[in-house]
Amino acid sequence: MKKTLSIIFLALFAVTLSAQKKIPFVYSQENTGASYPAPEMPVADKLPIRKELPNPLEWSDGSGTVQNFSEWERRRSEIAQEIQHYEIGTKPAVSSEQIHARMSNDTLIVDVTVGDSTITLSSAITYPKEGKAPYALIIGTSHNSLPAEILFRNPIALMTYNEKQVNGYSQFRGNTDRTTYPFVHLYPELINNGAYSEWAWGLSRLIDGLQQLGPKVTKIDVKRIGVTGCSYAGKMALFCGAFDERVALTIAQEPGGGGAAAWRVSRTMEDVENLDKTDYHWFMESLKENFHEDNVYKLPYDHNELCAMVCPRALLILGNPDYKWLADESARQSFESAQTVWKKFGIGDRTAISIVGGHGHCQLPESQFPIVEDFIKRFLLKKQ
């Protein structure tokens, strides 16, 4: 009997491995679903109340659910367009002709031209002392908060995304005049955008530059790019990874409300960052106007679906329950809903959540080192 069960297990394992091999770990396009039409976008007062988290596999028109992986591209496109429409604003597409990239010593410089306007993005690359080019790359949004012990003992190049080159930062203070930001110089019609769509746009332009120059010039393997960040930059990393399918690994560290946490679930919690208590420089003002308080239950999507957009690529969410504001219980429920997508396609091991207390905000404890390093090795260094 044991022998029979072992044979069955091995056969199922072989089938699972076969299925995984057919599902990409990353793509060469920013948005594989760009050609799909947008789903219907009703005005807020015409949307039904829905207190439970939406099923990320359910079509926007309610006609059923995704049945196989070949349909996921279209479903992911629906989610992306809803989040842009109701929450963060448009992330505009950019053609290769609008990008001019070059290297200055070890600094990547990317000029982006729209019409008669051009902005320049730049970021220095730190190369590892070991290993051979082309290297995997981890991009830290705003800065890289992962411990040096992990990063420097692996042959990975590092880059910091200077998001202020696109749009400034505000946490209820500072300059919130959107007319002053470089992104708005290129796209004045998108002045009502939230920062997260614009920051995701900017990171994609750096990847454009890496692609355009190629590995012989940059020493970077664009099929092995990871993005990470903590706190408001943890949100940024999640949006960047969700909205660019060239990112192989997304590590969102303590992203809080507006990140992995679901708006609906956070509404039921006290003293957490929720839709009514966040920075509206980061999101469109219309999000709060239309979905404040109990109107949040009218949202046709939630952040479990933002997380699911990363599928089939790798996603790791890191939490810290010592900081109630982060709404980690909301993030946990959101993640468990999102993970059903990876599991549907037999690739559940490409995603995980780890919530550990006993440490400062954005200070990764040693107990979380193994899971972070495991994801880096598996999805950027291709080691089992």
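Predicted model: local features only at pLDDT ≥ 70, side-chain atom pairs only at ≥ 80, totals over all residues.
Let's start with the strands. Nine of them make up an open sheet with mixed pairing, in the order β1-β2-β3-β5-β4-β6-β7-β8-β9. The edges belong to β1 (99–104) and β9 (351–355); each has a single partner strand, so one side of each has no neighbour in the sheet. Direction ignored, neighbouring strands are turned by 20° against each other on average.

For a look at one pairing, take β4 (residues 135–141) and β6 (residues 220–230): these two run parallel and share five bridges. As background, strands in a sheet pair through backbone hydrogen bonds, in either a parallel or an antiparallel sense.

## Two helices across the strands

Helix α5 (residues 195–213) lies across β1, β2 (107–114), β3 (117–126), β4, β5 (156–161) and β6, and it runs at about 70° to β1. Helix α12 (residues 369–379) lies across β4, β5, β7 (249–253), β8 (314–319) and β9, with an angle of about 165° to β8.

What does α12 bury, and against what? Its buried residues are F369, V372, E373, F375, I376, R378 and F379, and the buried residues of this helix pack against β4, α3 (148–151), β5, β7, β8 and β9.

## Aromatic pairs

Searching the whole structure turns up 19 aromatic pairs. One of them joins W72 and F345, a tilted pair with 6.3 Å centre to centre and 55° between the planes. W72 sits in helix α2 (residues 72–88) and F345 in the loop between α11 (328–344) and β9, so this pair ties together parts that are 273 residues apart in sequence. Are these two residues buried or exposed? Both W72 and F345 are buried.

Another tilted pair is F375 with F379, whose ring centres are 5.3 Å apart and whose planes meet at 55°. Both residues are in helix α12, and because they are four residues apart, about one helical turn separates them. An α-helix has 3.6 residues a turn, so residues three or four places apart point the same way. F375 counts as buried at 2% relative accessibility, and F379 is buried too, at 4%.

There's also a cluster linked by ring pairs: Y196, W199, Y232, F239, F243, W263, Y280, W282 and F283.

## A buried glutamine

Q253 belongs to strand β7, and its relative accessible area is 0%, so Q253 is buried. What does the side chain of Q253 make a polar contact with? The partner is the side chain of S145, at 2.7 Å.

Leaving out residues up to four places away in sequence, Q253 touches S145, L146, G229, C230, S231, G234, L318, C362, Q363 and L364. As for H361, which is 108 residues away along the chain, its C-alpha atom is separated from that of Q253 by 9.5 Å.

Notes:
Residues numbered from 1 in each chain as written. Heavy atoms only, no water. Pairing = 2+ DSSP bridges. Axes fitted to C-alpha atoms, helices over the stretch in contact; angles between N-to-C directions. Contact = heavy atoms within 4.5 Å. Phe/Tyr/Trp six-rings, centres within 6.5 Å; stacked < 30°, edge-to-face > 60°. Buried < 20%, exposed > 50% of the residue type's maximum accessible area, 1.4 Å probe, protein only. Polar contact = N/O pair within 3.5 Å; in protein donor to acceptor, adjacent residues only side chain to side chain.
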